[in-house]
Amino acid sequence: MMSVLVLSLSTLVHSASFDCKKASNFAEREVCSDKELSKLDDKLSVLYKKIKKTAGDWRKSQLLWLQERNNCKTKQCLLTAYQTRVVFFESELTKNTVKITKGSAYQLCKDYVALMSRVNVNPESSCKMRYSFDVAAYDAGFADIMWKKVKKSEVKSVLLGYWLPREEISLDDFNVDMSQQKKFNEFYSTHKTIWQSNIDINFDGKKERVYKVSIAEKCSGHRFFYFVLPMFDRYLSTVTGDLFMYQGRPYLEYGALVELTGGENIIHEKNVCEFKK
C-alpha cells in the first residue's frame with residue numbers, strides 16, 4: 001500500500017514507512033533514496049498512527065494527501081508537501097491543550113494561544129522559543145521586526161558601548177586595563193554579527209536604535225538579547241528573549257509574553273500572558 005498507510009522497513013538505501021521494493025512512482029522512489037525525505041516520511045508515519053486514534057476520517061484525508069504528494073515532480077515539492085503535513089498533524093494533535101494561566105482578559109493572550117494551537121514550533125529556526133506567525137496571526141496584528149546587519153567596521157564600537165556599562169568600567173580605565181581588554185575581546189570574538197533596527201522598543205513615543213545579538217547555544221537559551229545606546233542603566237537598557245510587535249506595540253516572548261514600557265533608554269518589563277500546555 002502507499003506511504004504512511006503501511007508500516008515496514010525499506011530494503012533500499014533509507015528506511016521509509018512503506019516497502020521500497022514496491023515503490024511505483026517518483027515520490028515513493030525519491031523518499032526511498034533521499035535521507036531527508038525518508039526521515040520526514042517516518043515522522044509523518046508516527047504522527048499518522050497517533051492522529052488515527054482521534055475523531056475524524058483520517059484515512060480518507062491521508063489518501064487525498066497522498067494523491068497530492070504523488071503529483072510532485074521535484075524534491076522541493078515533496079519537502080514542502082511533507083513539512084506542511086507534519087505541521088498540520090502536530091497542530092491537530094496539540095489543539096486545545098494550551099491554556100491561558102495569566103492575562104485571559106487580554107486580546108493579545110487570546111490571539112497568541114490561538115496561534116499556539118495552530119502552528120507548530122520550528123526548532124531549527126526558533127530554538128523552540130517562539131511560534132512562527134502565520135497569515136491569521138498577521139491579520140490579528142502580530143508583526144516581525146525588520147533588522148539590518150551592522151557593518152563589520154562598526155560592530156566593535158557598538159559592542160563596547162554595551163559592554164563597558166555592564167562591567168561598570170569607564171573607557172579611560174578600559175584603555176589602560178589589559179585584563180579588561182582581554183575579557184572584551186573574548187566577548188567580541190563570539191558576537192561579531194549583530195543587527196539593528198529603529199523601533200519604539202519601550203513604547204514611549206520615540207524610536208530608539210535597538211541592537212540585536214544572538215546568544216543561542218544549541219537552543220539551550222533564549223535566542224537574542226537586545227540593547228539600546230547609550231545605556232542609561234546596565235540592566236534596564238537590555239532585554240532578553242524574542243522581540244516582536246503586536247498591534248504596533250513591542251513585546252517579548254520569554255516563556256511568557258512580556259510587555260515593554262519605559263522612557264529614554266530605560267526598558268521596563270511586565271508579564272502579561274502566561275500559558276500552560
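Among contacts in the protein between residues at least 6 apart in sequence, what percentage join residues at least 24 apart? The share is 52%, where a contact means heavy atoms within 4.5 Å of each other.

This is a predicted model, in which local features need pLDDT of at least 70 and side-chain atom pairs count only at pLDDT 80 or more, whereas totals for chains, interfaces and linings use all residues. Residues are numbered from 1 along each chain as its sequence is written, and side-chain values use heavy atoms, with hydrogens and water left out.

**View 1. The disulfide of Cys 20 and Cys 32.** The structure holds three disulfides, each being a pair of cysteine sulfur atoms within 2.5 Å, and in the one formed by Cys 20 and Cys 32 the sulfur atoms are 1.8 Å apart. Cys 20 lies in the segment before helix 1 (26–33) and Cys 32 lies in helix 1, so the pair ties together parts that are 12 residues apart in sequence. The link of Cys 20 and Cys 32 is left-handed, with -95 degrees about the S-S bond. Cys 20 is buried at a relative accessible area of 3%, and Cys 32 is buried at 2%.

**View 2. The disulfide of Cys 72 and Cys 77.** Here a disulfide joins Cys 72 to Cys 77, with an S to S distance of 2.1 Å. Because the torsion about the S-S bond is about -65 degrees, the disulfide of Cys 72 and Cys 77 is left-handed. Cys 72 is buried, with a relative accessible area of 3%, whereas Cys 77 is partly exposed, with 32%.

**View 3. The disulfide of Cys 109 and Cys 273.** The sulfur atoms of Cys 109 and Cys 273 are joined in a disulfide at 1.9 Å. This pair links distant parts of the chain, with Cys 109 in helix 5 (residues 107–118) and Cys 273 in strand 10 (residues 266–276), 164 residues apart. The link of Cys 109 and Cys 273 is left-handed, with -80 degrees about the S-S bond, and both cysteines are buried.

Technical notes
Helices (H or I, at least four residues) and strands (E, at least two) are DSSP runs, numbered from the N terminus. Buried means under 20% relative accessible area, exposed over 50%, partly exposed in between (1.4 Å probe, protein chains only).
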